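Thanks, everyone. I have one chain to go through today, so please look at it on the screen while I talk.

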Amino acid sequence: MKPAKDDSGSRLGWPKRFLVRLLHIYFAFSRGMTLGVRAACFDAEGRVFLVRHTYVPGWHLPGGGVERGETALDALTKELREEGNLVMTAAPLLFQVYFNHAISGRDHVLLYRVPVQQTAIRPPDREIAEAGFFSLSDLPADTTAATRQRLAELAGLATPAGYWS
């Protein structure tokens with residue numbers, strides 16, 4: 001069996017693959033379907049906010065899972081605060097719903113476009129290695145393919161896909 005790849009094409013080490021698989025097994029028993037939220041967060045200068053996690057390679061749009069009893073907007077608000085010290089300056093706009101078949105046969109991601117303001121610089125911790133705002137014309141070299149695709153879709157340069165890949 002080949003090692004799993006993340007959406008940037010990098011191979012994940014066996015401990016990370018094991019942890020991801022274990023989490024998905026847990027979610028399979030605790031939820032009928034998994035739902036996540038991601039956001040293309042833009043500041044007043046038009047820069048996009050990206051995060052680099054400690055457990056997967058590449059730069060990603062911030063986001064996370066929607067928990068039981070939590071609305072998608074509550075999850076979005078929580079994830080933006082936790083991953084970037086971000087607050088929304090206007091209502092988020094739902095851009096697209098994606099099926100994330102690479103994760104499981106039941107995972108969906110809601111992608112929002114959100115104007116934000118950062119209340120404080122986000123220091124590194126166990127989950128987030130780095131975070132920051134970037135010009136769309138100067139994204140980090142290891143920005144994931146899925147993140148680049150979502151940004152192209154948001155800019156009208158690509159037709160929105162139904163799959164997160």
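This is a predicted model: local features need pLDDT of at least 70, side-chain atom pairs count only at pLDDT 80 or more; totals for chains, interfaces and linings use all residues.

Residues are numbered from 1 along each chain as its sequence is written, and side-chain values use heavy atoms, with hydrogens and water left out.

On confidence: pLDDT, the predictor's confidence in each residue from 0 to 100, averages 89 over the chain, and 88% of the residues score at least 70. Residues 1–9 stay under 50. For that stretch the model has 19 contacts beyond four places in sequence, a contact being heavy atoms within 4.5 Å.

Now the fold. Among contacts between residues at least 6 apart in sequence, 67% join residues at least 24 apart.

Next, the aromatics. The structure holds four aromatic pairs; rings of Phe, Tyr and Trp (its six-membered ring) pair if their centres lie within 6.5 Å, with planes under 30 degrees apart stacked, over 60 edge-to-face and the rest tilted. In one of the pairs, the rings of Phe 49 and Phe 133 have centres 5.1 Å apart and planes at 65°, so this pair is edge-to-face. Phe 49 belongs to strand E2 (residues 48–53) and Phe 133 to strand E8 (residues 128–134), so the pair ties together parts that are 84 residues apart in sequence. Both are buried.

Last, helix H3 (residues 145–154), where Glu 153 lies. Is Glu 153 buried or exposed? Its relative accessibility is 2%, so Glu 153 counts as buried. Beyond its neighbours within four places in sequence, Glu 153 contacts Phe 95, Tyr 98, Ala 158, Thr 159, Pro 160 and Ala 161. Phe 95 is 58 residues away in sequence and 9.3 Å away in space, C-alpha to C-alpha.

The side chains of Glu 153 and Arg 150 are joined by a polar contact of 2.9 Å, that is, a pair of N or O atoms within 3.5 Å, where within protein one must be able to donate a hydrogen and the other to accept it, and residues adjacent in sequence count only if both atoms are side-chain atoms.

Definitions and conventions:
Helices (H or I, at least four residues) and strands (E, at least two) are DSSP runs, numbered from the N terminus. Buried means under 20% relative accessible area, exposed over 50%, partly exposed in between (1.4 Å probe, protein chains only).
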